[in-house]
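This report describes selected features of one protein structure.

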Amino acid sequence: MSDETIILSAGEAEATVRPDNGGRIAGLRVGGTELLRQGDRYGCFPMAPWCGRIRDGRFRDGGSVRQMPLNSPPHAIHGTARDGAWRTARATREEAVLTHDLAAPWPYPGRVTQRITLADDGLTLAMSLEAHGSSFPAQVGWHPWFNRSLDGAEAALAFEPAWQEERGPDHLPTGRRTEPAPGPWDDCFGMPGGVDATLTWPGRLELRVTSPAEWVVVYDEQEAAVCVEPQTGPPNGLNTLPRLVTPLEPLEASTTWRWRRL
């Protein structure tokens, strides 16, 4: 088993993990059917140390203003961990543990650990972000690209959020919470009881995404895929709802995808 590609298998499920490409799950096959959009930018990647967009790439930490590269002008998007290589700490037939050390352009030392566990009926992802030295604001989450079509069946998404974050013309939340509106979406929703969303491909597969996290971004504006992204805070949250990570208090998150064939 190479450090570049890890294959996990359980029953009729197989997951392909790429430590060298941002700790990404490059593929997830159930009974020979690929659930994730293929390509180096797709699959499912971890978002850390922030999720979604940061306005103008800037966030304040105490008296300092930090500037991140504008990789989605005029904003910075989805963190730095997806752009770096991860190390394989452990890999077995059904589980992989990967680590990534935060480095420039992120200004604070820290480590992200991701555990990927495959079962015959589901996949569980867990992430921990530790501060090494200075405390800092952070977020973590996942950005899966689920194929919209499986063997000709089109995905339908069902979820019941408590609110929708109003999206401004700059694609960032305005700070107002509104009643959830029909899609298509590139929007953040609040689910204070934890994320719970179900994708159904009629006659093919049902996949339920759950997480203790209280925010989910849904992106379905591309024809090829539907993204359901559990995360620990809303877009631009380093500025509007900062969660401080300290050497004694890591930031932890998890999500489980459970499926059944129809």
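Val 97 stands opposite Arg 115, a residue of β12. Helices (H or I, at least four residues) and strands (E, at least two) are DSSP runs, numbered from the N terminus, and two strands pair if DSSP finds at least two bridges between them.

The model is predicted: local features require pLDDT of at least 70, side-chain atom pairs count only at pLDDT 80 or more, and totals for chains, interfaces and linings use all residues. Residues are numbered from 1 along each chain as its sequence is written, and side-chain values use heavy atoms, with hydrogens and water left out.

**Pairing and the open sheet**

Strand β10 (residues 87-91) pairs with β11 in the antiparallel sense over 4 bridges, and the two are joined by a hairpin of 3 residues. On β12 (residues 110-119), β11 has an antiparallel partner joined to it by 7 bridges. Strand β11 itself (residues 95-101) is mostly covered, with 6 of its 7 residues buried; buried means under 20% relative accessible area, exposed over 50%, and partly exposed in between (1.4 Å probe, protein chains only).

These strands belong to an open sheet of 8 strands, in the order β10-β11-β12-β13-β28-β24-β23-β19, with antiparallel pairing. Its edge strands are β10 and β19 (156-159), each of which pairs on one side only. From one strand to the next, the twist averages 15 degrees, where axes are lines fitted to C-alpha atoms (for helices over the stretch in contact) and angles run from 0 to 180 degrees between N-to-C directions. In general, strands of a sheet pair through backbone hydrogen bonds, either parallel or antiparallel.

**Aromatic pairs**

The structure holds 11 aromatic pairs. Rings of Phe, Tyr and Trp (its six-membered ring) pair if their centres lie within 6.5 Å; planes under 30 degrees apart count as stacked, over 60 as edge-to-face and the rest as tilted. Trp 106 and Phe 136 form an edge-to-face pair, at 5.7 Å centre to centre and with 80 degrees between the planes. This pair links distant parts of the chain, 30 residues apart: Trp 106 is in the loop between β11 and β12, and Phe 136 is in strand β14 (residues 136-137). Both Trp 106 and Phe 136 are buried.

Another edge-to-face pair is formed by Trp 145 and Tyr 219, with 6.0 Å centre to centre and 90 degrees between the planes. Because Trp 145 lies in the loop between β15 (141-144) and β16 while Tyr 219 lies in strand β25 (residues 215-219), the pair ties together parts that are 74 residues apart in sequence. Trp 145 is buried, at a relative accessible area of 7%, and Tyr 219 is buried at 17%. Ring pairs also link Trp 50, Phe 59, Trp 106, Tyr 108 and Phe 136 into a cluster.

**Asn 147**

Asn 147 is found in strand β16 (residues 146-147) and is buried, with a relative accessible area of 16%. Its side chain reaches the backbone nitrogen of Arg 37 at 3.4 Å. A polar contact is a pair of N or O atoms within 3.5 Å; within protein, one must be able to donate a hydrogen and the other to accept it, and residues adjacent in sequence count only if both atoms are side-chain atoms.

Not counting residues up to four places away in sequence, Asn 147 touches Glu 34, Leu 35, Leu 36, Arg 37, Trp 201, Ala 224 and Ala 225. Contact here means heavy atoms within 4.5 Å.

**Cysteines**

The structure holds 0 disulfides, a disulfide being a pair of cysteine sulfur atoms within 2.5 Å. Cys 188 is in no disulfide, and the nearest cysteine sulfur, that of Cys 51, is 9.6 Å away. Cys 188 counts as buried, at 3% relative accessibility.

For Cys 227, the closest cysteine sulfur is in Cys 44, at 9.4 Å, which is too far for a bond. Cys 227 also counts as buried, at 0% relative accessibility.

**Gly 203**

Gly 203 is found in the loop between β23 (195-201) and β24 (205-211). Gly 203 is partly exposed, with a relative accessible area of 49%. Gly 203 and Trp 257 are 54 residues apart in sequence and 19 Å apart in space, C-alpha to C-alpha.
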